[in-house]
Amino acid sequence: MGQYVIFLVTAAVFFVFILIVSFFRRYKRCPSDRILVVYGKVGKGGEAESRSAKCIHGGAAFIWPVIQDYSFLDLTPFSIEINLTSALSKQNIRVDVPSRFTVGISTEEGVMNNAAERLLGLSITDISNLAKDIIFGQLRLVVATMDIEEINSNRDKFLAAVSSNVEAELKKIGLKLINVNVTDITDESGYIEALGKEAAAKAINDAKISVSQKNRDGSIGEAEALKEQRVEVARANATAVEGENTAKITIANSNADRRQKEAEAERLAVAAEKVAEAKALEEAYAAEKAAETVRAVRDKASQQADIIVPAEIDKTRIEIAAEAVAEQTRRQAKGEADAIFMKMEAEGKGIFEILSKQAEGYQKLMKAAGEDSRSAVMLMIADKLPELVKTQVEAIKNLKIDKITVWDTMGSGKDGKSPATANFLSGMLGSIPPFEELFKMAGLELPDYLKGKKVEDAEVVDPDKAKS
């Protein structure tokens, strides 16, 4: 009984352990550079109809088995090179805008669901191609709404327009625009190059004028600086002497305060040291007393563990073993008694069924014989007659006669008249056990040649034909 209980407890503990391990394995944590997408049944009622997935960034979720599964979206940004050529501007001038866009999957609430619905399972190459198509279209649209001068001179406005249009479209598939870098803008007619040359010439002329003005201002500034230098040097020397004297007075006062405070600190340190030594001795004595008390308790517990606990363990083990032997004996005796009872019950049922069927058969036989017991007995004998005949025949069935030779002479029978062959056949038939009485009880009549009577007119058998 005790072993059975231990087995059940062990099985329960193992089941709980497996359940806990399965629970922790289904609890998924989301790294900071990924989005955890839980799909399947992620809501209740109407919510489940409108939400195809649940997105988690920087957290964790329990994934229910069978009804839910999970996957991750990588937040690592990737760069897309966009070489836009022959884009038609507002002035109908075709320009080339080589640029590079840096995009990544968005962590914005709502936009993450778009990414889960449209990008889950796609590779970086597939996502890059999808974003490239969107960026090409929006970049052409922005170029078509601006003049060449705006695109070339006001790059901030151009980049802001591109970022606004592209990011709005990228959000629809769950992406976020991180950076836009336009390297150089050219056109087929050379208009932008001409604007650059004009701006360069203007900048050179402005620089020459600015250099002349700066040289003039430099000479005037140099003279003013020399004057101010001499005045400031004299003023600084006077201030320095005054500062030195004040500093010496301050140093002397500081040294006096320092010596006074050092003496006070020395006195306080000596007193504190004496108090600390006395307190340390007191704490040491108290600690020794506590240690002795703990040691006494430990020695007592050690003696109990060495003597009493093993005795109790032996007592419990003997009781459990005796109980197990008694339980085994009881179960074995009960099993043997149940087996004997079931065997006797089965035999009784079998005998009861046989006797019941025989009684029913006798009742039907009496009914068929018209409630006449004699007729019923005759019917039973007639039914068993083949078996009786078979039994009679079995007496000579196994006799083997390889060959019979008969020399027949007229008048060699017992009566001096009948042939010997006829007497032989009659005697052979007479050797069969008599059935006349059995047939009479059954209401039948045997033929004369089976009754053992003499055959007066028996046909003489040719000796050659009598051989077998």
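## Aromatic pairs, strand pairing and a buried helix face

Trp-64 is partly exposed, as its relative accessible area is 48%; buried means under 20%, exposed over 50% and partly exposed in between, with a 1.4 Å probe and protein chains only. The model is predicted, so local features need pLDDT of at least 70 and side-chain atom pairs count only at pLDDT 80 or more, while totals for chains, interfaces and linings use all residues. Residues are numbered from 1 along each chain as its sequence is written, and side-chain values use heavy atoms, with hydrogens and water left out.

Rings of Phe, Tyr and Trp (its six-membered ring) pair if their centres lie within 6.5 Å; planes under 30 degrees apart count as stacked, over 60 as edge-to-face and the rest as tilted. The count by this rule is 2 aromatic pairs.

| Pair | Centre distance | Plane angle | Class |
|---|---|---|---|
| Phe-62 and Trp-64 | 4.8 Å | 85 degrees | edge-to-face |
| Tyr-70 and Phe-72 | 5.9 Å | 80 degrees | edge-to-face |

Tyr-70 is partly exposed at 27%, and Phe-72 is partly exposed at 28%.

The protein has 11 helices and 9 strands. These are DSSP runs (helices H or I, at least four residues; strands E, at least two), numbered from the N terminus. Two strands pair if DSSP finds at least two bridges between them. Strand E2 (34-40) pairs with E5 in the antiparallel sense over 7 bridges, and Tyr-39 has Asp-69 in E5 as its bridge partner. E2 also runs antiparallel to E3, joined by 4 bridges; here Val-38 stands opposite Lys-54.

Helix H3 (residues 111-118) has Val-111, Met-112, Ala-115 and Ala-116 buried. Viewed down the axis of H3, the buried residues fall within an arc of 145 degrees, so they line one face of the helix; the arc is that of the directions from the helix axis to the C-beta atoms. Their cover includes strands E2, E3, E5, E7 (94-105) and E8 (175-182).

Ser-89 lies in the loop between E6 (78-88) and E7 and is buried at 4% relative accessibility. The Ser-89 side chain reaches the backbone oxygen of Ile-93 at 2.9 Å. Leaving out residues up to four places away in sequence, Ser-89 touches Val-143, Ala-144, Met-146 and Ile-148, where contact means heavy atoms within 4.5 Å.

Across the protein, 16% of the 468 residues count as buried. Among contacts between residues at least 6 apart in sequence, 69% join residues at least 24 apart.

How values were computed
A polar contact is a pair of N or O atoms within 3.5 Å; within protein, one must be able to donate a hydrogen and the other to accept it, and residues adjacent in sequence count only if both atoms are side-chain atoms.
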